[in-house]
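Hi,

Here is the model I promised to pass on. Have a look at it first, and then read my notes below.

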Amino acid sequence: MGISMIGVDFNKASVDVRSLFSFTKKSAASMMQKIKTEEGILGCIILSTCNRMEVWVSTKEEKVPDLYMQLCKEKNIKSENYKNMIVKREGEEAVKHLFYLTSGLKSQILAEDQILTQVKEALSLAREVYCTDNVLEVLFRTAVTGAKKVKTEVAFSRENASVIYQAIHELLEKGFVFQGKTCMVIGNGNMGKVTALALKEAGADVTVTVRQYKSGVVEIPEGCKRINYGNRMEFLSKCDLVVSATASPNRTITKEEFIKKKRKTPLILIDLAVPRDIDPQIKELEQVELYDIDSFKVNKITPDMKKNLDKAGTIIEKYRNEFYDWYSGRKVASQIQHIKSGVMEDVEARIQKPIQKLSLEEQEKIELLNNINAATEKVASKIMFELKDILKEETFMECIEGLKKIYG
């Protein structure tokens, strides 16, 4: 199976390491286009989120290109430094990984919702820059369909499962009261909006930053206030909690800017961005608690969770098999077509003389021959595809190889 991926995620790499390999939408588009030009590459999709970065390719042959070296070259990274943090998957292992990943079952927060959207967006971007191919298109599309089914039918996926909800839960357990607290969310993308809504639902007074040039068009969750991004540091002095969740390559809060505000009251900072938004050195200051996206995990699997995981696995298995059926059918489709054409030519050659002896008009003979050809094609198709259903794949492929020698 000419499908492979290479990636780095939260299981082996810290936020800072993941940030080295992360891509913006623009840089992901550029990298996919470069990879697509490599010999033997048919399609490429890059998935880059806070928790992981993955490069997916489909290839003409089983030989897998050295994607890690290409990544290191693109990111100007010494390859030997991070090789042990990189995961490579090929064939069915890669396919299984994508289905579980898209369903949220490989996330830091089990069954979180955002990964499904992120996988869809990765596929959409690859389409926009003409980097996907038929195999990756069907693979990602089927994984998304399976994930939607999981989220519809499995109980844990109906919850608002995301990092910010886990953060709120853990802060509540530590005694932090959100009711009436002043909170600022830096960033108004998808993560920022989810964060603002979650804090609002927890009872906080929420203000969201908006870039000045976008302030007239950006929507923020109902009940939240807005300020210009440039005024964030002034507003920070009034806050009890600040969450930063942008896609910016630059710091949204630096240690120098923070010190200038001379805060003396406690402040909780949560950095949900990769690369980091908030200067990690700020955690050295008094009265400040700084968390990053790796601070909030669910490690305990309860009996109910295990039951739901098993149910999700059954659903995923069904959709994986659908993809495998499509993929194996695709592999032999052209071969079957050649065999059918050979059979039709053979039958036509054998039937020409008997037809010519019939006392029919020339047009009637042509119509009869066309009908025979159509019937021959249907019978050949029936034989091929019914054999595929009743034989083991290895035996079926042996039959195909034998028929190719006769009719291919």
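Two strands count as paired if DSSP finds at least two bridges between them. Helices (H or I, at least four residues) and strands (E, at least two) are DSSP runs, numbered from the N terminus. This is a predicted model, so to speak of a local feature we need pLDDT of at least 70, and side-chain atom pairs count only at pLDDT 80 or more, while totals for chains, interfaces and linings use all residues. Residues are numbered from 1 along each chain as its sequence is written, and side-chain values use heavy atoms, with hydrogens and water left out.

**The sheet**

Taken together, 4 strands make an open antiparallel sheet in the order 2-3-1-4.

How well covered is strand 1? Mostly: 7 of its 7 residues are buried (buried is under 20% relative accessible area, exposed over 50%, partly exposed in between; 1.4 Å probe, protein chains only). Both faces are covered, with Ile3, Met5, Gly7 and Asp9 buried on one side and Ser4, Ile6 and Val8 on the other.

**Helix 8**

Next, have a look at helix 8 (residues 163-173), where Val163, Ile164, Gln166, Ala167, Ile168, Glu170 and Leu171 are buried. These buried residues pack against helix 9 (190-201), strand 8 (241-244), strand 9 (267-271) and strand 10 (288-292), with contact meaning heavy atoms within 4.5 Å. Just after helix 8, Gly175 has a positive phi of about 100°.

Leu360 is in the loop between helix 12 (303-357) and helix 13 (362-390). With Leu358 and Leu368, Leu360 makes a nonpolar surface patch of about 200 Å². Patches here are made of residues with over 30% relative accessible area and no salt bridge, joining like charges within 9 Å and nonpolar side chains (Val, Leu, Ile, Met, Phe, Trp, Tyr) within 5 Å. A salt bridge is a Lys or Arg side-chain nitrogen within 4 Å of an Asp or Glu carboxyl oxygen. Accessible areas come from the Shrake-Rupley method with a 1.4 Å probe; for residues, only the protein chains shown count as cover.

Cheers
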